[in-house]
Amino acid sequence: MTKTYRIAAIPADGIGIEVIAAGIEVLNALAGKTGTFRFRFDHFDWGSDYYKTHGAMMPADGREQIRHHDAIFFGAVGAPDVPDHISLWGLRLAICQPFDQYANVRPTRILPGITSPLRHVSGPELDWVIVRENSEGEYAGVGGRVHQGHPEEVATDVSMMTRTGVTRIIRYAFKLAQSRPRKLLTVVTKSNAQRHAMVMWDEIAAEVAQDFPDVTWDKMLVDAMTMRMVIKPETLDTIVATNLHADILSDLAAALAGSLGIAPTANINPERKFPSMFEPIHGSAFDIAGKGIANPIATFWTACQMLEHLGEAPAADRLMRAVERVTADPSLHTPDLGGRATTRQVTDAVIAAIQGDNE
Ligand code: IPM
Ligand code: MG
């Protein structure tokens with residue numbers, strides 16, 4: 001019997017619209033090739049344009065509308081004429097946090113044909129997954145401003161960490177590390193300077209580690225971590241960090257792997273009480289929006305993450321093989337990779353590679 005997956009597509013802003021359209025084409029082609037499942041995409045026009053008309057990034061019952069979908073396929077949010085904190089809190093975080101997508105998973109590899117800016121690194125030396133805490137910490141939204149505009153104005157953003165929140169993300173990271181061949185986890189911290197929550201974070205890591213005796217793990221201060229990622233990338237495999245630390249490290253990781261145009265991310269609710277959300281890491285990139293030159297590879301890669309989450313691992317592998325065949329050909333590189341290919345050409349090439357893959 002053919003299974004149907006109901007996917008909520010939210011392309012939102014800028015190049016999000018182009019890359020999600022490309023992703024849907026590729027996923028439909030993949031379903032056609034595989035024959036055992038298909039997709040039903042429901043399209044939601046939420047985002048900054050919606051905000052300009054309705055005064056909100058999504059309708060009040062928006063989350064209810066997508067609550068029962070199997071997954072959310074998300075583009076990018078942010079527009080030059082809408083303040084970033086409004087677009088972000090009004091849509092992306094308004095989905096991630098209430099849907100308890102606390103595990104943000106960001107794989108990084110140097111795909112075939114892509115050149116890393118690191119002289120000494122060509123491929124297998126850099127194969128990481130960053131696990132980002134995605135529900136609290138520096139993004140908890142706790143804080144405030146008083147006496148606005150006056151000299152005595154005070155503003156705070158309080159990073160809030162809970163034992164439950166830290167334990168579940170560290171446990172998720174240990175499990176993921178355990179499932180990967182090297183069984184190697186690096187816990188990123190800053191407990192030398194931040195002496196409350198980060199110290200608790202370290203203690204919880206040591207506690208959880210006891211349940212994973214087969215995982216080798218170490219602890220790394222976030223500043224030193226940036227150096228290690230550049231100088232000794234081969235010593236890393238799975239990485240877990242707080243919301244903000246991982247935000248920063250994952251941009252570094254994407255740059256070291258060749259381009260932000262490739263980097264995918266999954267916002268996972270591991271308990272599956274709510275749908276999980278899959279998106280490229282890159283933003284809405286208004287400077288190139290509408291030009292047809294956005295790199296769709298990050299979206300294709302996150303589509304692989306979505307397939308894995310749906311339990312379609314062989315289809316995810318097939319899609320990743322197709323992506324890697326296409327990146328291997330420099331004539332199919334978009335401008336972010338130094339090439340001249342268009343979104344259309346890359347998408348067509350990936351579809352052709354799917355169709356020609358008879359493994
Ligand atoms: C990311 C992005 C977002 C974040 C931005 C758009 C607020 O940088 O997903 O990494 O910081 O979470
Ligand atoms: Mg970021």
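Visitor: Which side chains meet in a salt bridge?

Guide: A salt bridge is a side-chain nitrogen of Lys or Arg within 4 Å of a carboxyl oxygen of Asp or Glu. Here the side chains of Arg-168 and Asp-100 form one, at 3.0 Å from N to O. Between domain 1 and domain 2 the count is 1 salt bridge. This is a predicted model, in which local features need pLDDT of at least 70 and side-chain atom pairs pLDDT 80 or more, while totals for chains, interfaces and linings use all residues. Residues are numbered from 1 along each chain as its sequence is written, chains are lettered from A and ligands numbered from 1 in the order written, and side-chain values use heavy atoms, without hydrogens and water.

Visitor: Which residues make up domain 1 and domain 2?

Guide: Domain bounds come from an automatic or database domain assignment. Domain 1 covers 1–101 + 270–359, and domain 2 covers 116–257. Their centres, taken over C-alpha atoms, are 25 Å apart. The contact (heavy atoms within 4.5 Å) takes 8 residues from domain 1 and 9 residues from domain 2.

Visitor: What area is buried between domain 1 and domain 2?

Guide: Buried area is the accessible area (1.4 Å probe) that two parts lose on being put together, summed over both. For these domains the value is about 680 Å², with 49% given by carbon and sulfur atoms. Of the area that domain 1 buries against domain 2, 44% is supplied by Gln-97, Asp-100 and Ile-281, more than any other three residues.

Visitor: Which residues are around ligand 1?

Guide: A residue counts as near if one of its heavy atoms lies within 4 Å of the molecule. Around ligand 1 are Leu-88, Arg-92, Arg-106, Arg-132, Tyr-139 and Asp-247. For Asp-247, a side-chain N or O atom is 2.8 Å from a ligand 1 oxygen atom. Taken alone, ligand 1 exposes 320 Å² (Shrake-Rupley method, 1.4 Å probe), and the protein buries 70% of that.

Note on methods. A polar contact is a pair of N or O atoms within 3.5 Å; within protein, one must be able to donate a hydrogen and the other to accept it, and residues adjacent in sequence count only if both atoms are side-chain atoms.
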